[in-house]
Amino acid sequence: MADEKAVVQEFKLDPDCELRFEVESKNEKVTLELKNGRAEVFGTALVRGKKYEFTAGAKVAVYTWQGCTVELVGKVTVSYVAKETPMGLYLNCHAAMERMREIAEKDDTTGPITMVVGPCDVGKSTLCRILLNYAVRMGRRPIFVDLDVGQGHIAIPGTVGALLVERPSNVVEGFSQQAPLVFHFGHKTPQANVTLYNLLVTRLAEVCSDRLQANKKAKASGIVINTCGWVKGDGYKLLTHAAQAFEVDAILVLDQERLYNELVRDMPDFVKVVFLPKSGGVVERSQAQRTESRDQSVREYFYGSRTPLYPHSFEVKWSEARLYKIGAPVLPASCMPLGMKAEDNLTKLVAVTPGPSLLHHLLSVSFADSPEDDVVQTNVAGFVCVTNVDVERQTFTVLSPQPRPLPNTMLLLSDIQFMDSH
């Protein structure tokens with residue numbers, strides 16, 4: 001195989017065009033290089049002559065405002081140049097947000113709080129990335145909030161989180177994950193526990209608001225919020241709840257006119273609702289691809305994506321761990337103590353007895369010291385994955401980003417599983 005010639009493709013792009021390519025096969029690596037001109041990937045400028053390496057699962061769009069030549073080396077599943085792109089409209093959104101930031105800076109008020117909404121697979125997280133990168137390139141320090149528990153762009157799936165963005169995202173790896181603020185939700189869809197999801201969104205909004213007040217630069221820069229693709233029925237209610245909790249100024253609706261019209265109808269007048277087309281490069285993912293992408297996200301948390309990380313494996317005694325899950329099964333009203341509502345159960349800490357059923361589950365390591373603290377609304381230090389359960393010795397083995405001991409023994413059980421194949 002080694003002596004086979006690598007496939008080399010050169011593309012000359014006119015101004016306002018985009019080269020889109022995908023890498024699907026498992027063992028393929030594709031190198032992208034900007035030969036001349038200027039280009040960017042999701043808002044991050046490419047360095048001329050630098051080789052960027054992409055592996056399986058990568059879906060990349062190289063956009064140029066002025067025209068450029070790029071070279072691809074390796075086998076791509078698909079590659080084509082698109083002349084029609086929505087980038088001009090996305091840039092207009094950035095420009096409008098920038099004007100709001102300038103006013104906020106002058107008046108010492110909060111900059112634009114923008115929420116990106118739309119059904120699954122329309123490019124919401126990509127648009128967030130573009131807007132954040134453009135803001136950072138203007139010297140801003142916006143906060144990125146991710147409410148999409150299905151994919152988990154800030155930590156891992158099953159969490160909501162926020163991140164202060166101080167530099168453009170890495171072309172291959174995305175944003176630097178230094179010191180994110182993360183809350184444990186524990187399911188891959190908000191449907192699994194809507195009450196808990198709303199509680200966490202409200203909590204995250206409060207913390208972000210405090211962070212903005214504490215950091216002048218972030219305050220003027222504002223917040224960009226990514227949401228999940230569940231937009232009908234209760235999903236729509238979650239969006240309106242998030243909009244209220246974060247007190248958003250603008251909602252960018254991708255690719256769904258019905259959702260756009262509903263939001264125009266239901267949002268107060270001061271919230272600007274904008275309809276945007278999705279990029280033609282956005283592809284719908286199958287259930288299998290979503291699962292694979294979730295696994296990939298967890299794998300990168302433990303093993304790194306480009307730069308390899310070396311996680312640790314060690315045993316934890318059952319007697320040392322304090323295991324909980326959030327949310328007890330809902331009891332019928334007739335079984336409830338007087339005056340207690342069914343919702344109260346959905347945000348309750350329930351002790352979990354260790355056993356074989358823990359295998360492959362992810363556990364969040366909480367910063368809370370004891371079950372008496374408000375564990376549900378306390379952020380987490382990180383995650384471990386249970387790779388083995390020894391019932392006789394009453395221990396379980398965890399895969400952990402750092403060596404023993406765990407920073408805390410308050411562990412929250414997640415529904416999300418990961419098979420460690422290393």
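Buried means under 20% relative accessible area. I begin with that cut-off because Asp-121 has a relative accessible area of 12%, so I file it as buried. The model I am reading is predicted.

**Entry 1: two aspartates**

I looked up where Asp-121 sits. Asp-121 is in the loop between β10 and α2 (124–137). Next I checked its backbone. Its phi is near 55°, a positive value in a residue other than glycine.

I then turned to Asp-108. Asp-108 also has a positive phi, about 50°, and is not a glycine. Why did I note this? Most residues other than glycine have a negative phi. Asp-108 lies in the loop between α1 (87–107) and β10 (113–117). Is Asp-108 buried or partly exposed? Its relative accessible area is 42%, so I wrote down partly exposed.

**Entry 2: two prolines**

Most peptide bonds are trans. Pro-405 has its place in the loop between β22 (395–400) and β23 (410–417).

Pro-354 came next. I found Pro-354 in the loop between β19 (349–351) and β20 (361–366). Its relative accessibility is 16%, so Pro-354 counts as buried. Which residues does Pro-354 touch, leaving aside neighbours within four places in sequence? I found contacts with Trp-318 and Leu-323. I also looked up Val-194, which is 160 residues from Pro-354 along the chain. The C-alpha atoms of Pro-354 and Val-194 are separated by 26 Å.

**Entry 3: aromatic pairs**

How many aromatic pairs does a search of the whole structure find? The search finds 8. I looked up two of them.

Tyr-260 and Phe-275 form an edge-to-face pair. Their ring centres are 5.8 Å apart, with 65° between the planes. I call the pair edge-to-face because planes over 60 degrees apart count that way. I then checked how open each one is. Tyr-260 has a relative accessible area of 23%, so it is partly exposed. Phe-275 is partly exposed too, at 30%.

Tyr-301 and Phe-302 form another edge-to-face pair. Here I noted 5.1 Å centre to centre and 80° between the planes. Phe-302 is buried, at 1%. I followed this pair further. Tyr-301 and Phe-302 belong to one aromatic cluster with Phe-383 and Phe-418.

**Entry 4: an open sheet**

I traced an open sheet of 5 strands. Its order is β5-β4-β7-β2-β9, and the pairing is antiparallel. Which strands stand at the edges? They are β5 (44–45) and β9 (78–82). Each has a single partner strand, so one side of each is left without a neighbour in the sheet.

Inside this order I picked out one pairing. Strand β4 (residues 40–41) pairs with strand β7 (residues 59–64) in the antiparallel sense. I noted 2 bridges between β4 and β7. Which residue in β7 stands opposite Glu-40? I looked, and it is Tyr-63.

Technical notes: Residues are numbered from 1 along each chain as its sequence is written. This is a predicted model: local features need pLDDT of at least 70, side-chain atom pairs count only at pLDDT 80 or more; totals for chains, interfaces and linings use all residues. Side-chain values use heavy atoms; hydrogens and water are left out. Two strands pair if DSSP finds at least two bridges between them. Helices (H or I, at least four residues) and strands (E, at least two) are DSSP runs, numbered from the N terminus. Rings of Phe, Tyr and Trp (its six-membered ring) pair if their centres lie within 6.5 Å; planes under 30 degrees apart count as stacked, over 60 as edge-to-face and the rest as tilted. Buried means under 20% relative accessible area, exposed over 50%, partly exposed in between (1.4 Å probe, protein chains only). Contact means heavy atoms within 4.5 Å.
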